[in-house]
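Hi,

Here is the structure I promised to pass on. Have a look at it first, and then read my notes below.

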Amino acid sequence: MTHRPTAKAARAILEQAELVKSHDWSETRHWYVVSGGRRLLVIEPSYGGTSRTGRNGWNWWLADSARMLSKPEPTREKAAVAGLAAWERWATSKENR
């Protein structure tokens, strides 16, 4: 079983979180949300739209879980906010303790 933070510790992790371009961005187009050296989220472009590039937003998924895409968010930053809210719920869930 994975160690899960308390609600207070999770908030401290979230306060330090930042959105950074992945080291292999040129190949994957991934961005990460990291905190204290720990990767919390993966964010990537979502394709399937009608724009010139075919992109229709940004998807996110929890870095510690199976890749389950979210609904597309309009910006990387909004994808990060939505993902961090989900991460906090996942990290502090009593079922996961």
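**What I found**

Going along the sequence, the protein chain runs α-β-α-β-β-β-α. That gives 3 helices and 4 strands (helices, H or I, of at least four residues and strands, E, of at least two are DSSP runs, numbered from the N terminus).

Two notes before the details. This is a predicted model, where local features need pLDDT of at least 70 and side-chain atom pairs count only at pLDDT 80 or more, while totals for chains, interfaces and linings use all residues. Residues are numbered from 1 along each chain as its sequence is written, and side-chain values use heavy atoms, with hydrogens and water left out.

The 4 strands form an open sheet in the order 1-2-3-4, with antiparallel pairing (two strands pair if DSSP finds at least two bridges between them). Strand 1 (18-21) and strand 4 (55-62) are at the edges with a single partner strand each, so one side of each has no neighbour in the sheet. On average, neighbouring strands are turned by 30° against each other, direction ignored (axes are lines fitted to C-alpha atoms, for helices over the stretch in contact, and angles run from 0 to 180 degrees between N-to-C directions). Strand 2 (residues 31-35) and strand 3 (residues 38-47) pair over 5 bridges in the antiparallel sense, and V33 stands opposite L41 in strand 3.

In strand 4 you'll find N59. Is N59 buried or exposed? N59 is buried, at a relative accessible area of 5% (buried means under 20%, exposed over 50%, partly exposed in between, with a 1.4 Å probe and protein chains only). Its side chain makes a polar contact with the side chain of S46, at 3.5 Å (a pair of N or O atoms within 3.5 Å; within protein, one must be able to donate a hydrogen and the other to accept it, and residues adjacent in sequence count only if both atoms are side-chain atoms). Across the protein chain, buried residues make up 38% of the 97 residues.

R29 is worth a click too: R29 lies in the loop between helix 2 (25-28) and strand 2. R29 has a positive phi of about 65° although it is not a glycine, and counts as partly exposed at 33% relative accessibility.

Last, charges over rings (NZ of Lys or CZ of Arg within 6 Å of the ring centre and within 35 degrees of the ring normal). K21 lies over the face of W25, 4.2 Å from the ring centre. The charged end of R39 sits over the ring of Y32, at 3.8 Å from its centre.

Cheers
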